[in-house]
Amino acid sequence: MTRHELLVPLARAARPDGCPACRLLVGTRSWDEFAPLLALAEETGEVIDLDAIPPEQRRGDVVDYVTALLELLPGYTSTAHSRGRRAFAAALAAALVPEDCEAQPTVAHTGEPAPRWGEFLVAALFTHTVSLTQPRRLTDPAAAAALGARVPRTLPEVLELDLGSRPPSRWRRPLLTALAHARGNGLPRSLLAGVVAAVAGRSDAPTAEQLGAELDALRFYLRTSADTDASALYRLFHQGLADHLRGGGQPARGGLAAVAAGVVLDGLLASIPTQDGRRRWDLAAPYLLRHAIEHAAAAGRVDELLDDPGFLVHANPTTLAPLLHLATTPSARLAAAVYRSSAGGHLERSPEQRRDVLAIDAARYGAGELREAICALPGQPELLWQPRWATGGQISTALRATLTGHTGTVWAVGCTEVDGTPVAVTGGYDQTVRVWDLRAGAQIGEPLTGHTGTVRAVACTEVDGTPVAVTTGGDDQTVRVWDLRAGAQIGEPLTGHTATVWAVACTEVDGTPVAVTAGDDQTVRVWDLRAGGLQDVVELPTTIGAIAVGRGNVLVVGIGWDVVALAPGGGR
């Protein structure tokens, strides 16, 4: 389930009295993908920007945090350590949050500015290292303060300090690097040994005992959960740590990061049994069916997986469909187009059902080799009934995604951006308006309801910085305005039309955002979107089926077989 399917609808939910249905506490980064959540929080004035907290308050928070960490560690809870704990925490906080917080640390060997790491992350890692290596020094306040003042200010330095204080190991760093590339809830233990060996560049893999010992030694850095098959999943506890270990956030290392991602992908793919040189995706770990395509995208090798028919049949559509656009070779682009033809139903289908549908879609595209490969997957019986050819006038390799959810004919569509996310807004016979994330190929939130007739037209614009959609209800003769960020109707329906409303367009008139609508009642109506009222009416001699707005607020309308241009004022 994505943030659009869970968090955004919960944040927008309201009781009948208009109060929030629930209160959420969500921690995010300032990334575009979290913009809808941040926008909703900003509307209520409840955003806490940790980067904007005054330095003195941040220092105090770090002192309290480090002191609390030490109080939880065995051997540091005695009164003999109380003054040392506080002195260590105060000196550490002063070093990590100096008076001049704009002074950014640099990378030692290059002199370039280092990425900004969270003070709490660096403080936690350094405190953990000190607790293992120099426990006695925290009994003396002066020695503790001197130790705290030497805290590194970058994540790489504190990580190297910790690893350097441990006994040497051939598997420790490859294991951390492997886990840095984990997707979702983490890498399963059953795949770890092969990936670690690939990262280490060794033909032998760590034994179960060696792997267990390393996981135990690194448990401070790890978070664990269970997969759908009850196997243990492991990932690093902090995204900043993962970014560093896989070279993220440093453009100069982008090529090396892709190479590392490719090595991890090789280790993962090597775990899949083969037959006659072809991978048995039906025997692959659930993690691979979900995340292999994401590893391939990070390595720049999406084409390799799309050219594997078994992968198309067994891969999880939720993660595969959004990355189909990365196909580059003719064969991979053809496979992506075949997959998209019926993508709307792939998630609900079993692999056996998906195989049948993909074989038919391959026949529709005339992709004979792909069709034959799908019908004869390794380790599985050939399809008893195999498609030989199929009609397919509605196919195109340009198809990007198939968006499903409407329960009737779709009559209208408009496109815009909501906080950096490209979206489509659609409406149709089922009387609903739906918003779609075009990058993810998924519906955002619940359908927008209110129309009591077929939605005939959609136009998108902004009103004072708020992205909105304006829809016409056709037979219900209303015009409705929707806040695309909040997923809710703005104000009451705009009424006045006395027959089916067929068309809508949006523009500005003297700085006022307006919508222009028309239909069977032979009128063109201009609506003030800021005030929510009728601004002007133009009568014409017949039904109006289409509207467009040109420069200088020239209005172009379609009347039967004719096209008429209307200008403001005397130019009507």
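Which residue's backbone oxygen lies 3.1 Å from a polar atom of the side chain of Ser-341? The residue is Ala-337. Hi everyone, let me walk you through this one.

A quick word on what we're looking at. This is a predicted model, where local features need pLDDT of at least 70, side-chain atom pairs count only at pLDDT 80 or more, and totals for chains, interfaces and linings use all residues. Residues are numbered from 1 along each chain as its sequence is written, and side-chain values use heavy atoms, with hydrogens and water left out.

Okay, back to Ser-341. You'll find Ser-341 in helix H17, residues 330-341. When I say helix or strand, I mean DSSP runs numbered from the N terminus: H or I with at least four residues for helices, E with at least two for strands. Ser-341 has 19% relative accessibility, so it counts as buried; buried is under 20% relative accessible area, exposed is over 50%, and partly exposed is in between, with a 1.4 Å probe and protein chains only. Leaving out residues up to four places away in sequence, Ser-341 touches Asp-361, Arg-364, Tyr-365, Leu-399 and Thr-402, where contact means heavy atoms within 4.5 Å. And Val-357, 16 residues away along the chain, has its C-alpha atom 9.4 Å from that of Ser-341.

Now the strands. Two of them pair if DSSP finds at least two bridges between them. Have a look at S15, residues 512-519. Is it enclosed or open? Eight of its eight residues are buried, so S15 is largely enclosed by the rest of the structure. In a regular strand the side chains alternate between the two faces of the sheet. Here, Thr-512, Val-514, Val-516 and Ala-518 point one way, while Pro-513, Ala-515, Thr-517 and Gly-519 point the other way.

S15 has a partner in S14, residues 501-509, which runs antiparallel to it over eight bridges. One of those pairs is Thr-507 with Val-514. The two strands make a hairpin with two residues between them, and Asp-510 in the turn has a positive phi of about 55°. S15 also pairs in the antiparallel sense with S16, residues 523-528, over five bridges, and there Ala-518 stands opposite Val-524. That hairpin has three residues between the strands, with Gln-522 at a positive phi near 65°.

Val-410 stands opposite Gly-428. Two residues sit between these strands, and Asp-419 in the turn has a positive phi of about 55°.

There's an open sheet too, with four strands in the order S10-S11-S12-S13 and antiparallel pairing. Its edge strands are S10 (457-463) and S13 (488-489), each pairing on one side only. Inside the sheet, five bridges join S11 to S12, and Ala-469 stands opposite Trp-482.

Last stop: the cavity. How many cavities of 30 Å³ or more does the structure hold? One. A cavity here is a set of points, on a 1 Å grid over the protein atoms alone, where a 1.4 Å probe fits but cannot get out; lining residues have an atom within 4 Å of a point. The largest cavity holds about 80 Å³ of space. Eleven residues line it, and the closest to its centre are Arg-12, Pro-36, Val-418, Ile-444 and Leu-484. Helix H1 (7-12) and strand S7 (421-428) each supply at least two lining residues. That's my tour, thanks!

How values were computed. On a 1 Å grid over the protein atoms alone, a cavity is a set of points where a 1.4 Å probe fits but cannot get out, and a pocket is an open set with protein on both sides within 12 Å along at least five of seven lines; lining residues have an atom within 4 Å of a point. Grid points are joined across faces, edges and corners, and a volume is the space filled by probe spheres set on the points. A polar contact is a pair of N or O atoms within 3.5 Å; within protein, one must be able to donate a hydrogen and the other to accept it, and residues adjacent in sequence count only if both atoms are side-chain atoms.
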